[in-house]
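Here is a short report for a first look at this protein. Please view the sequence and the structure before reading on.

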Amino acid sequence: MPIELISLITGNVSGFIFKLIASQTEAAQRMAEANLKTQEAADTSADKAATRGGDSGSWVRRFIVIMVLTGVIIFPFYLAITGGSVTIEENAPSGLFSWLGFSSKELMTVTSSYLILPEIRSSLLAIVGFYFGSSVINNRK
C-alpha cells in the first residue's frame with residue numbers, strides 16, 4: 001500500500017473523529033442551553049406562585065404537611081400499639097394473558113399493619129423537596 005493512500009485514509013479517519021467530537025460537543029451545548037431556559041421558566045413560575053399564595057396559602061400548605069406527616073409517622077406507631085388491620089384488594093395474575101394485565105382473580109389480603117400508599121410517599125418527597133430545597137436556595141443568597 002503506497003504511503004499516499006495511507007496518508008489519505010488516516011487524514012479522512014482523523015477528520016471524521018474530530019467532526020464527530022465537535023458535533024457531540026455542540027449537541028451537549030444545545031442541551032445545556034435548553035436546560036437553562038427550562039430552569040429559568042421554572043424559577044419564574046415558582047416566583048409567581050410564591051407571590052400568589054398569600055397567608056391563606058401558607059396555612060393550607062401547613063395543614064397538608066401536618067396530615068402527610070401524621071400519616072407517615074404517627075399512624076404507623078398508633079396501629080402498632082392498638083393492632084389495627086388493613087384490608088388490601090388486589091388482582092391476582094392468572095391465566096395465559098396475565099402478563100398483559102388481564103386477571104380474573106381478586107384477592108383480599110388482611111394485614112395487621114399500616115399501608116403507606118405510593119401517593120403518600122410521593123407527597124412526602126414533594127414536601128421534603130419543597131421545604132429543604134427552598135432552605136438550600138435561601139442559604140446560598
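What pLDDT does the protein chain average, and what share of the residues score at least 70? This is a predicted model. The protein chain averages a pLDDT of 79. A score of at least 70 is reached by 82% of the residues.

Helix H1 spans residues 3-82. Two of its residues, Glu 26 and Arg 30, are joined by a salt bridge between their side chains. The N to O distance is 3.0 Å. The structure holds one salt bridge.

Next comes accessibility. Glu 26 has a relative accessibility of 45%, so it counts as partly exposed. Arg 30 is partly exposed too, with a relative accessible area of 49%. Phe 18 also lies in helix H1. Phe 18 counts as exposed because its relative accessible area is 58%, and the cut-off for exposed is over 50%.

| Residue | Relative accessible area | Class |
|---|---|---|
| Glu 26 | 45% | partly exposed |
| Arg 30 | 49% | partly exposed |
| Phe 18 | 58% | exposed |

Phe 18 is also one of the residues in a nonpolar patch on the surface. Other members include Met 1, Leu 5, Val 13, Phe 16 and Ile 21. Together, the patch residues have about 1,100 Å² of accessible area.

Definitions and conventions. Residues numbered from 1 in each chain as written. Predicted model: local features only at pLDDT ≥ 70, side-chain atom pairs only at ≥ 80, totals over all residues. Heavy atoms only, no water. Salt bridge = Lys/Arg side-chain N within 4 Å of Asp/Glu carboxyl O. Helix = DSSP H or I, 4+ residues; strand = E, 2+ residues; numbered from the N terminus. Buried < 20%, exposed > 50% of the residue type's maximum accessible area, 1.4 Å probe, protein only. pLDDT = per-residue confidence, 0-100. Patch = residues over 30% accessible without salt bridge, like charges linked within 9 Å, V, L, I, M, F, W, Y side chains within 5 Å. Areas by Shrake-Rupley, 256 points an atom, 1.4 Å probe, with all protein chains shown as cover.
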